[in-house]
Amino acid sequence: MTNKNNKIQQWQNPLIYLLAFSSGFCIMGIELLGGRILAPFFGSSVHIWGSIITVFMLSLSFGYLAGGKLSTKSASLNRYGMIFICAGITVLPVAFSSQWVMEPIFLAIEDSRYGSLVASMALFFIPTVILGMISPYSVRLLVTDKNKSGQVAGFLYFVSTLGSALGTIITSFYLVLLFEVNDIITVFSSILVALGISAMLFNRLNQKNKVNVSNEINQQGAAHE
Amino acid sequence: MNNSILTVMLGIISSVMLSSIFSAPVQAKTIHSERSLYRNILVEERRGLRCLKFNVRSSKTQQSCMLVDDPQRLVFNYTKMLFSSLLVNPKPERILIVGLGGGTMSNTLHQIFPNATITNVEIDPAVIKVAREYFGFFENEHITSVVQDGRIFVKRAALKKKKYDWIILDAFNGDYIPEHLLTKEFLQETKQLLSSNGVLSANTFSVSDLYNFESATYKAVFGDFFNVRNNRNSNRIILTSIKPLPDGKLIAERAKALANTLAVFDVNIADLTSQMTSTETVQDWPENTRLLTDQYSPANLLNLSN
């Protein structure tokens, strides 16, 4: 029974890396599509990318702060999964109400620099803050040995930034050629939610086993008495 | 010792070869070059022909050319082809040009229609500056230029209920296509700007995969349109209107009336009528072609495969 528990337990870190990879993939995929989403209202001048990148960097920075803070109180795979589910849900308005969000901003602000900045804020700030929480929270879940903390963080950044690189190239080279922007965003959102749920299920499975194992140990102890 | 002699000899041979490659045709002299926010802008001159280029390498990036001694004469086939629009609306009073280039169109149209208001929309302020300095582009009480993304200009103009009798979309160069100016939604917004007998002409492509997608999108928004094409270059002009397209008889009449005016600019309007085909009679793209929309517009990727 202890053996089985270890078997499940040993998959926890790969799962966290997979989740971090996917979040990197989705963040950059969404950022790239941001240009497409804003273009009908704010054009495709250089300052559109200025707005989008500013908002993404700003929200990620807040996200890192919030994620780090959150990880100090009873960090668990369960909460980690919740972050993904929240991110997935808050990404959805990007697909389904972007017109509705951008139109009043376009009408209210003549200057397309500030218009695009406000619009990217409205669309991307919340989901990207939540996505930014994932990195520090992953570090918290992965690090067990202080001496290896740098190595763990390094590998985590490697995995999630690799995900970002792939998310950028695959979205811009291939996905936009095959699918509509909204469909791609919806798929990103579903992936995030699905990963969040799988983290929570994994956690449950793990807990159950732990309980079983400890029960077994207790029973064995009782038998000896 | 041997080695160094060899090196020197190789050096001489290669430099001779290189110089013969580059000096064979009369060399184009670069008279101005600058890097703007959006592109490299080059003005080159060769045998009295001055050209605006947006990149160095590719030959398809010539934006606008002008004969220094005869600035009135139109050099490019596609600019001449644009005049076929007058067969759909012979007397435009309000003209909108999206994509300035050297400003040749604006200048020429002002000569033909001195009382028409001409609005030039150009995203890159450096292009406007170069057009003024090197291509004689001018503004006056009838001619204005606006530095703005074409899509935003059109959207704002539609909100203000502006109307134009002739809209020229010329924002595509061979290298990069603003993808948000090819979509169904953009064309619908542009359609709102057309006056009741207004004509929209777009200078676009005829060779790549994009041809089918673009054609299908125009047809979906405007219905049948004219394709103006000659076999000499890869441009085509799309002509369309919210009114039904004029028939052959009317076109012939209008061509006759315009012939003399346009001959001054080296435009043979009778020739142009023979290059026009209506999509009513010839539809040369598959029926189920996907439309370009704000959701799906990989125009640059589609344009790669030509």
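**View 1. Chain A is built from helices, nine of them, with zero strands.** Helices here are DSSP runs of H or I with at least four residues, strands are runs of E with at least two, and both are numbered from the N terminus. Read from the N terminus on, the elements go α-α-α-α-α-α-α-α-α. This is a predicted model, in which local features need pLDDT of at least 70, side-chain atom pairs count only at pLDDT 80 or more, and totals for chains, interfaces and linings use all residues. Residues are numbered from 1 along each chain as its sequence is written, while chains are lettered from A and ligands numbered from 1 in the order in which they are written.

**View 2. The C-alpha trace of chain A spans about 80 × 35 × 30 Å along its principal axes.** Contacts join residues whose C-beta atoms, placed from the backbone, lie within 7 Å. Among chain A contacts with a separation of 6 or more, 86% link residues 24 or more positions apart.

**View 3. Here 13 residues of chain B meet 13 residues of chain A.** The chain B side consists of seven nonpolar, two polar and four charged residues. Nonpolar covers Ala, Val, Leu, Ile, Met, Phe, Trp, Tyr, Cys and Pro; charged covers Asp, Glu, Lys and Arg; the others, Gly among them, are polar.

**View 4. B:Ile168 touches residues including B:Leu82, B:Met105 and B:Ser201, not counting residues up to four places away in sequence.** Also on its list are B:Leu96, B:Ile97 and B:Val98.

Conventions: Two residues are in contact if their C-beta atoms, placed from the backbone, lie within 7 Å.
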